[in-house]
Amino acid sequence: MQYIGLAYKFDDIIWNMESFPSFELNNMMAFCNSCIHIRCLSRRPWPSFLESLQPFLKEIQQLPLRIDADASKAVRSTSVKLLDAFVDSVFKFVDQPLLPSQSNFAPVHELREAVHVTKIQGEIPDDFPEGVYIRNGPNPLFGGLKSTSSMFGRSNHIWIEGEGMLHAVYFSKGLDASWTVVYNNRHVETETFKLEKQLNKPSFLPAIEGDSTAVLSAYLLNWLRFGEVNKHISNTNVFEHAGNMYSVAENHKPQEIDIITLETLHDWDVNGAWNRPFTSHPKKTPGTGELVIMGINATKPFAEVGVISVDGKKLLHKADLKLNRCSLCHEIGVTERYNVFMDHPLSIDLNRLVRGGPLVKYEKEGNARIGVMPRYGDADSIQWFKVEQNCTFHLFNCFEDGDEVVMWGCRALNSLIPGPDPGKDRFDWFSEKFRPVKPTERSIDALSEDQLIFPRPYEWRMNMRTGDIKERNLVGTEFPMDFPIINEAFVGVKNKYGYCQVRDCIASSASGMAKYGGLAKLYFEEQAEGLIKVEYHMFEDNTFGTGIAFVSKEGAPYEDDGWVITFVHNEDTDISQVLIIEAKKFSGQPVAKITLPFRVPYGFHGAFRPMQLQNQIMRIIPSLNPKISKTMSHSYLQNRN
């Protein structure tokens, strides 16, 4: 098991956790005694932590050895068993129930083998590229997200948690120009996933949201038992670099995935050079193809930027941004010369947690700014631009326009993370935040307090010469929009078009969960009355989608020559499909609707990876009809000759 070094300073209490295997048990006892001193700082009175641990500590005192690299397995096993017994006796895991309107957020079982998909309405275009459409999303083990209750209070998983599951659709073309379509799913098997699956029960205590005493105790006990303060969920995005495919979430390093079998291969730490979490949205630089990454952490350094070589083998550059808080920045942007990142007031703060506040909080009076940094720069080279307070998770693109660096993203004025304060009804809180925005006669910028969680496309223009900034809404308040994408060939350079998911406010409010009832195509260069042109593709009634990706035509001369592809689910029929929509005829009917034989839960981000599959089809689905596999093999041999 890998033990990650942490150093948490809680007022005058310092937890130095740099090397768990050499952590002395007597020191652990002293630490537990010290923990009691924080009870006066907490909003909720801290129960007698020491009293509850007395039997456990007395037994540990009898152990003559230190837990270090040379300690016997028997001693280590005994101490972990004692901790497990304490957790089992004190903490109760409770399922977070789902309403009927939330049924497609429920997890599904992992398939044992990929399946051949035969039900296709319409036609997959002849010039659609062979390849894999893959989407990530949460698929919690043991039936769903959990809460725990104990003498320390209550802690909860939040809606972005849950072990990652990859859903993949393979498009392979035969000699007779017919398409073979295959579907598969598989969990991302991080080290913590394998550990908890082996234990065959919920074991990691929720450690993000809840009573501060409960979250603190979860941090401590998770670390003492597993060497990690929380699970590595790897449920947010998938990306490619140097021919390899990776699954990622903000709280850990990426996992390399075998795109054919969906098997998890190993963590990617750039040959040991990157030892911290990894942004869910790394960016390839225009021209060079290097990969720009960012990692945030709850302890200093709060944020670092890195540049990875084109072949993925070397970390070429690493810089501490020297932020004074851990801003929960989800994405980084690049231009031809710069790295662009956001420092907004959604933060992770351990000192705030110790004082009785939430671990994650959006500070309504906090400052927001955008940093523009030369590709290989350091903290001193960053040019900061103070912007209107906001919470922006996702970007369309960044590019240079004369003296200006332009950033387009989906901006909201508050955050859905982590959720309501303790004691408030979760469903009512989310339902209220998802309500449609009421039309206002004052300004398209005027929103009420209850309408601040309404992301919509927004523009920032940072003048690198004068230091001035201009910002504006790009669209009105007809629909909230998020999960933006573009043709990836235009990352870091000026583009004309963007695409994003359109949130259905009525369905989202009724279910208390975000649901996306359509897609939008944005025409950045076509404007009227200060707003850009938007074209919509709305799904059928009670059908919602996630994981959009742009699929470019090979050799296409125009930016929007291609298709938008997405998973959708019809909640009336309980049927999941993949839609292929022609980008140039965006509001028209999908050119193909591919009905999947299994339900696909709603998730997060998707990607399309073009690749030849003829020689891989039998690895993907060994039980495929021999006639089909023979056709694919002949096609492969002919292409080789």
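This is a predicted model: local features need pLDDT of at least 70, side-chain atom pairs count only at pLDDT 80 or more; totals for chains, interfaces and linings use all residues.

Biologist: What is the phi of serine 234, and is the residue buried or exposed?
Modeller: Most residues other than glycine have a negative phi. Serine 234 is not a glycine, yet its phi is positive, at about 45°. Buried means under 20% relative accessible area. Serine 234 has 2% relative accessibility, so it counts as buried.

Biologist: What is the form of the peptide bond from lysine 300 to proline 301, and of the one from isoleucine 417 to proline 418?
Modeller: Most peptide bonds are trans. Proline 301 is in the loop between β17 (291-296) and β18 (303-308), while proline 418 is in the loop between β28 (404-412) and α7 (426-433). Omega is near -5° for the bond from lysine 300 to proline 301, which is cis. For the bond from isoleucine 417 to proline 418, omega is near 5°, and this bond is also cis.

Biologist: Which element gives the largest share of the largest nonpolar core?
Modeller: The largest nonpolar core has 82 residues, and Leu321 and Met407 touch the most other members. The largest share of this core is nine residues, and they come from helix α5 (residues 212-226).

Biologist: Which residues does leucine 321 touch, not counting those up to four places away in sequence?
Modeller: Contact requires heavy atoms within 4.5 Å. With residues up to four places away in sequence set aside, the partners of leucine 321 are Met294, Ala303, Val305, Phe341, Met373, Ala379 and Ile382.

Biologist: How are the rings of tryptophan 429 and phenylalanine 430 arranged?
Modeller: A pair of aromatic rings is described by the distance of the centres and the angle of the planes. The structure holds 30 aromatic pairs, and both tryptophan 429 and phenylalanine 430 are buried. Their ring centres are 4.9 Å apart. Planes over 60 degrees apart count as edge-to-face, so the 85° between these two planes makes the pair edge-to-face.

Biologist: Over which ring does the charged end of arginine 411 sit?
Modeller: The distance from the charged end to the ring centre is 3.8 Å. The ring belongs to tyrosine 458.

Biologist: Which strand gives the largest share of the lining of the second largest pocket?
Modeller: The second largest pocket has a volume of about 1,000 Å³. It is lined by 39 residues, and the closest to its centre are Ile486, Glu488, Val491, Ala607 and Phe608. The largest share of the lining, six residues, comes from β35.

Biologist: Is threonine 543 buried or exposed?
Modeller: Threonine 543 is found in strand β35. Beyond its neighbours within four places in sequence, it is in contact with Tyr516, Gly517, Val568, His569 and Asn570. The limit for a buried residue is under 20% relative accessible area. Threonine 543 has 6%, so it is buried.

Biologist: Which strand holds histidine 394, and how far is its C-alpha atom from that of glycine 333?
Modeller: Histidine 394 lies in strand β27 and counts as buried, because its relative accessibility is 6%. Histidine 394 and glycine 333 are 61 residues apart along the chain. Their C-alpha atoms are separated by 9.7 Å.

Biologist: What is the volume of the largest cavity?
Modeller: Rolling a probe the size of a water molecule over the atoms shows where empty space is left. The structure holds eight cavities of 30 Å³ or more. The largest cavity has a volume of about 100 Å³.

Technical notes
Residues are numbered from 1 along each chain as its sequence is written. Side-chain values use heavy atoms; hydrogens and water are left out. A nonpolar core is a set of buried Ala, Val, Leu, Ile, Met, Phe, Trp, Tyr and Cys residues joined through side-chain atoms within 4.5 Å. Buried means under 20% relative accessible area, exposed over 50%, partly exposed in between (1.4 Å probe, protein chains only). Helices (H or I, at least four residues) and strands (E, at least two) are DSSP runs, numbered from the N terminus. Rings of Phe, Tyr and Trp (its six-membered ring) pair if their centres lie within 6.5 Å; planes under 30 degrees apart count as stacked, over 60 as edge-to-face and the rest as tilted. A charge sits over a ring if NZ of Lys or CZ of Arg is within 6 Å of the ring centre and within 35 degrees of the ring normal. On a 1 Å grid over the protein atoms alone, a cavity is a set of points where a 1.4 Å probe fits but cannot get out, and a pocket is an open set with protein on both sides within 12 Å along at least five of seven lines; lining residues have an atom within 4 Å of a point. Grid points are joined across faces, edges and corners, and a volume is the space filled by probe spheres set on the points.
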